[in-house]
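Visitor: Before we start, please show me the model. I would like to ask about the terms used for it.

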Amino acid sequence: MLCLASRMKTDIRTTSIDQQNIMTFAYVFSVTLMVTFGIISNVISIDTFRQTSIRSTTVGIYLLIYSCCSLFGLIMLVCRLFQLIDSLTYLPFFFICNVISGLASIFTRICLWLNGFTAFQRSLLSFEPSYIINKFRSRSIALKQIFCIIILIFLMHIHELICRVTLPDPVAPGKFVCQIKYPNALLILNQIFSTLHIFIPFFLHLLSTCLILTSISRRRALLHRTTYWKQWMKEFHTHSHLFVAPIIAMVCTLPQLVLSLKYSCVDISIKWLLRLNTSANLLIYIPQSITFFLFICYSEVYFRTFINESIFGKLLCLKRNTNNKIFPLTATHTQLNNETKLRSKMATNKSHDNKNTQT
């Protein structure tokens with residue numbers, strides 16, 4: 001199984017010479033654009049979530065760590081593009097293949113799980129306080145959960161790190177490709193893990209969001225004396241943005257899972273399948289690139305914190321206030337006098353023109 005950058009390089013090398021520069025530009029431009037956008041989005045998100053009003057909550061801690069992991073994963077993705085350099089020697093290629101690519105895969109999966117557990121922590125806020133609920137809401141428990149998630153994901157990727165190999169490129173002599181060569185037993189284990197990494201966080205997110213809607217609907221149905229299901233549908237429309245993150249994560253990760261289950265080994269001569277696999281691997285990084293839009297834009301509280309407390313929010317407000325600057329009264333008075341004189345002068349010239357026309 002070829003890795004992402006090796007798929008790109010193989011596609012470029014097996015393309016006609018006059019199309020190779022176009023293919024190289026297309027791959028590098030698309031990855032660079034997504035990574036640049038993602039770095040800006042995650043830096044702004046980190047600046048927002050590090051504020052005391054947010055990071056003092058368990059949900060804020062999860063979102064802060066999620067943004068940091070997303071940023072690190074995107075940096076690892078752009079580092080993988082160095083494998084496209086033909087002059088790259090064996091040692092740096094080996095390091096990128098066995099370390100950088102492995103870390104990129106690991107942090108992508110960590111982000112999926114943190115996404116699901118963020119929704120779980122948010123759902124706990126909608127329940128009545130109790131000893132167990134308060135235990136799970138505590139910051140110390142949240143940090144322990146995050147640590148356990150990271151360690152667990154690393155352990156579930158040991159087989160992948162071991163099976164990554166750097167081999168001579170069969171298409172271009174003297175060059176290298178990065179592959180993952182699983183034995184049959186480890187291939188089945190990898191498919192099981194890949195399925196768990198996608199579906200468990202997705203269903204955890206959906207379940208947590210439904211619990212939030214259920215708790216809110218029950219209280220408001222009693223308060224407003226309406227039917228439960230009618231209130232539930234109303235809350236569903238009001239809080240539908242909570243379903244955006246899990247749906248986008250599922251849509252972006254499911255194609256890669258389906259292709260990996262159906263085509264564990266891709267023939268490089270089948271261009272459409274090779275490019276489809278490459279596109280599916282790039283789709284995985286989209287949720288990590290739009291952190292700001294997933295968690296801040298749709299939240300009134302987080303967006304207010306971004307505008308009022310974060311560095312980038314304050315700079316944005318300063319820029320907007322500068323563009324809409326209100327002049328002092330004396331300056332405004334002077335401008336009005338100048339405009340009045342200009343208009344009277346234009347009216348005088350126009351009357352002279354009319355007289356000359358009539359004569």
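Guide: Ala, Val, Leu, Ile, Met, Phe, Trp, Tyr, Cys and Pro count as nonpolar, Asp, Glu, Lys and Arg as charged, and the others, Gly among them, as polar. This is a predicted model, where local features need pLDDT of at least 70, side-chain atom pairs count only at pLDDT 80 or more, and totals for chains, interfaces and linings use all residues. Residues are numbered from 1 along each chain as its sequence is written, and side-chain values use heavy atoms, without hydrogens and water.

Visitor: What makes up the lining of the second largest cavity, by class?

Guide: Seven residues are nonpolar, four are polar and none is charged. Among them are Leu112, Asn115, Phe202 and His205. The volume of this cavity is about 80 Å³.

Visitor: Which residues lie nearest the centre of the largest cavity?

Guide: They are Ser105, Arg109, Glu160, Gln256 and Asn281, out of 27 lining residues. The lining divides into 12 nonpolar, 10 polar and five charged, and helix H5 gives the most, with five residues.

Visitor: Why are H2 and H4 called roughly antiparallel?

Guide: Angles over 145 degrees count as roughly antiparallel. The axes of H2 (residues 17–49) and H4 (residues 58–80) cross at roughly 155 degrees and come within 9 Å, so the two helices are roughly antiparallel to each other.

Visitor: What classes of residue make the contact of H2 with H4?

Guide: Contact means heavy atoms within 4.5 Å. Val31 and Met34 of H2 take part, as do Gly60 and Leu63 of H4, among others. The residues divide into 14 nonpolar, six polar and no charged.

Terms used:
Axes are lines fitted to C-alpha atoms, for helices over the stretch in contact, and angles run from 0 to 180 degrees between N-to-C directions. Helices (H or I, at least four residues) and strands (E, at least two) are DSSP runs, numbered from the N terminus. Angles under 35 degrees count as roughly parallel, over 145 as roughly antiparallel, 65 to 115 as roughly perpendicular and the rest as oblique. On a 1 Å grid over the protein atoms alone, a cavity is a set of points where a 1.4 Å probe fits but cannot get out, and a pocket is an open set with protein on both sides within 12 Å along at least five of seven lines; lining residues have an atom within 4 Å of a point. Grid points are joined across faces, edges and corners, and a volume is the space filled by probe spheres set on the points.
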